[in-house]
Amino acid sequence: MDLDLLKTFVEVVKTRHFGRAAENLYITQSAVSFRIRQLEQSLGVNLFIRQRNNIQLTAPGERLLPHANMILTGMQRAKVDVALANNMHKQLSLAGTPNIWDAFLQFGINHIVAAMPGVSLVAEVKAQQESTRLLLERTLDIAVLFDPPKVDELVVKQIKHLAIIPVSTMAQTTNEDFFDKQYVYVDWGTAFSLWHAKQFTGSTPPYFRTSTGRIALDLIMQCGGSAFIPRALAVESIEKKQLFHIESVEQNAREIYVAYHKDNDQLEQIETIASLLASLPD
């Protein structure tokens, strides 16, 4: 199957717009339309329901999407593997969710790179479900997650216990004030959400929600407020007295896990990365 057709299909799915897909691919809108028609003709199905300003996938289109992503990812990885072969380097792909990168991985990726000079590392931001799927498809080597996937084919190991503390730009903050005065909710995963539901005492909902600690930290530093932030991410601001650890509010902790396929042919390198991440300071 022509890879250009699949790339165009995936771009249209992302943008839900033929014109924006054309801009992103640096081709004309008529070329996008032509490629989609070619793909539909080769498969014998309609992939999109076309309405004015509203492009939706058909059922066959939904079925095609994961296969298209897998083919494109596999081809990209194959190209890199072939290019690396002459240098006798290994390639490993690592992914974490946005909040994992903010809370943990950003502080350790340099240690991995320095400790593994013979490995070409591909580091990406991926959602939990996508990471699990890519691990099973063997197009991702290692995922770092808060919520461990329960899949028999995957090895899952806990590597870290991450402290997530209540912080505020106001030093004298009660439990009630913490949740009522510009409280920013950060999604730290399923276990945190369940714990948070029991702790939340606010009479009004959070005025802002985000999936990343960095966005929450930047927002409260600029506009004031409170949030649950990993200690490692907040420590510098606390030391400068720009933020305050609110001890009247209970803190939380999340376990961090690595997951990888049990039949991966690079287990030695993967386990080295897991050990390096586990050895990072809290």
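Colleague: What should I know before I look?

Modeller: This is a predicted model, in which local features need pLDDT of at least 70 and side-chain atom pairs count only at pLDDT 80 or more, while totals for chains, interfaces and linings use all residues. Residues are numbered from 1 along each chain as its sequence is written, and side-chain values use heavy atoms, with hydrogens and water left out.

Colleague: Which residues touch the most other members of the largest nonpolar core?

Modeller: They are V144, F228 and L277, in a core of 46 residues; a nonpolar core here is a set of buried Ala, Val, Leu, Ile, Met, Phe, Trp, Tyr and Cys residues joined through side-chain atoms within 4.5 Å. Buried means under 20% relative accessible area, exposed means over 50%, and partly exposed lies in between, with a 1.4 Å probe and protein chains only. Strand 6 (residues 154–168) gives this core its largest share, five residues, where helices (H or I, at least four residues) and strands (E, at least two) are DSSP runs numbered from the N terminus.

Colleague: And what does L277 touch?

Modeller: Leaving aside residues up to four places away in sequence, L277 touches F104, L105, I112, V144, I159, K160 and V258, contact meaning heavy atoms within 4.5 Å. There is also a second, separate core of 20 residues, including V10 and L72.

Colleague: Switching to helices, at what angle do helix 1 and helix 3 pack?

Modeller: Helix 1 (residues 3–15) and helix 3 (residues 29–43) pack at about 110°, with their axes 9 Å apart; axes are lines fitted to C-alpha atoms, for helices over the stretch in contact, and angles run from 0 to 180 degrees between N-to-C directions. That makes the two helices roughly perpendicular, since angles of 65 to 115 degrees count as such, under 35 as roughly parallel, over 145 as roughly antiparallel and the rest as oblique.

Colleague: Which residues meet there?

Modeller: D4, L5, L6, T8, F9 and V12 in helix 1 meet V32, R35, I36, Q38 and L39 in helix 3.

Colleague: How about helix 1 and helix 2?

Modeller: Those pack at about 125°, with axes 8 Å apart, and are therefore oblique to each other.

Colleague: Where is Y26, and is that residue buried or exposed?

Modeller: Y26 is in the loop between helix 2 (18–25) and helix 3, and is exposed, with a relative accessible area of 75%. Its phi is near 60°, a positive value in a residue other than glycine.
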